[in-house]
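Student: I would like to learn how to read a predicted model, one feature at a time. Could we go through it together?

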Amino acid sequence: MTTENRSAKDRILDAANQLFYGEGIRAVSVDAIAARAGVTKKTLYYHFKSKDDLIEAYLASRDQPNLALFKKWFDEAEGLLAGKVEAIFSNLSTSARHPRWKGCGFLRTAAELANMPGHPAMKVGAGHKKKFEAWLCEEFRARGAEGPEELARHIVLLMDGAFSTVLVHRDPDYILSAGRAASQMVARATQSTG
């Protein structure tokens with residue numbers, strides 16, 4: 001593949017990220033993405049055989065950067081495990097205060113595709129959520145937390161619930177409240193290990 005083709009594909013994916021995240025996948029047409037990317041529809045369809053493929057690629061492109069950001073916030077936080085988990089929520093709350101923040105792209109896409117459980121993007125979103133949960137579980141296990149699998153699942157439920165609640169109320173303090181609850185749960189699960 002030539003540099004020009006890679007560049008066009010990257011521009012298409014960047015445009016899809018901006019538009020799908022900003023406006024929603026159903027509200028955005030392929031024409032709008034092609035226009036934003038500065039390519040023809042033919043070029044778009046050369047790189048992505050359908051809008052569904054582009055939606056899948058959009059979510060896949062968000063997977064590793066989001067996971068890396070959560071890990072960064074966790075690793076940079078001072079203190080014990082409970083504080084490290086709370087730091088993820090605190091940083092999410094800060095992000096949610098930005099005017100362009102629209103919530104979790106994975107959850108928003110899942111809501112728009114709720115009647116299409118076999119859609120490839122649904123599999124990407126589920127995989128992303130499972131990777132985050134598995135990573136938390138490993139961090140909890142490595143630090144001797146009691147019941148690391150269930151604890152990780154509870155943290156994921158708190159996070160996804162906080163994402164949803166912030167979208168309803170437009171108040172990022174809900175993420176901080178979820179973070180305090182997560183911190184308390186982790187502290188109880190690590191009382192004997194610190």
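Student: Which hand does the crossing of H7 and H8 have?

Tutor: A crossing is called left-handed if the near helix is turned anticlockwise from the far one by less than a right angle, and right-handed if clockwise. Here the crossing of H7 and H8 is right-handed. Please keep in mind that this is a predicted model, in which local features need pLDDT of at least 70 and side-chain atom pairs count only at pLDDT 80 or more, while totals for chains, interfaces and linings use all residues. Residues are numbered from 1 along each chain as its sequence is written, and side-chain values use heavy atoms, with hydrogens and water left out.

Student: At what angle do H7 and H8 pack?

Tutor: Axes are lines fitted to C-alpha atoms, for helices over the stretch in contact, and angles run from 0 to 180 degrees between N-to-C directions. H7 and H8 pack at about 135 degrees, with their axes 8 Å apart, and that makes H7 oblique to H8 (under 35 degrees is roughly parallel, over 145 roughly antiparallel, 65 to 115 roughly perpendicular, the rest oblique).

Student: Which residues make the contact?

Tutor: Contact means heavy atoms within 4.5 Å. Among those taking part are Phe132, Leu136 and Phe140 of H7, and Ile155, Val156 and Phe163 of H8. The residues of this contact divide into 11 nonpolar, no polar and 7 charged (Ala, Val, Leu, Ile, Met, Phe, Trp, Tyr, Cys and Pro count as nonpolar, Asp, Glu, Lys and Arg as charged, and the others, Gly among them, as polar).

Student: How many residues does the largest nonpolar core have?

Tutor: In soluble globular proteins, nonpolar side chains tend to be buried together. A nonpolar core is a set of buried Ala, Val, Leu, Ile, Met, Phe, Trp, Tyr and Cys residues joined through side-chain atoms within 4.5 Å, where buried means under 20% relative accessible area, exposed over 50%, and partly exposed in between (1.4 Å probe, protein chains only). The largest one has 59 residues, and those with the most contacts inside it include Leu54 and Phe140. The largest share of this core, 9 residues, comes from H4. Leaving aside neighbours within four places in sequence, leucine 54 is in contact with residues including Phe20, Ile33 and Phe48.

Methods. Helix = DSSP H or I, 4+ residues; strand = E, 2+ residues; numbered from the N terminus.
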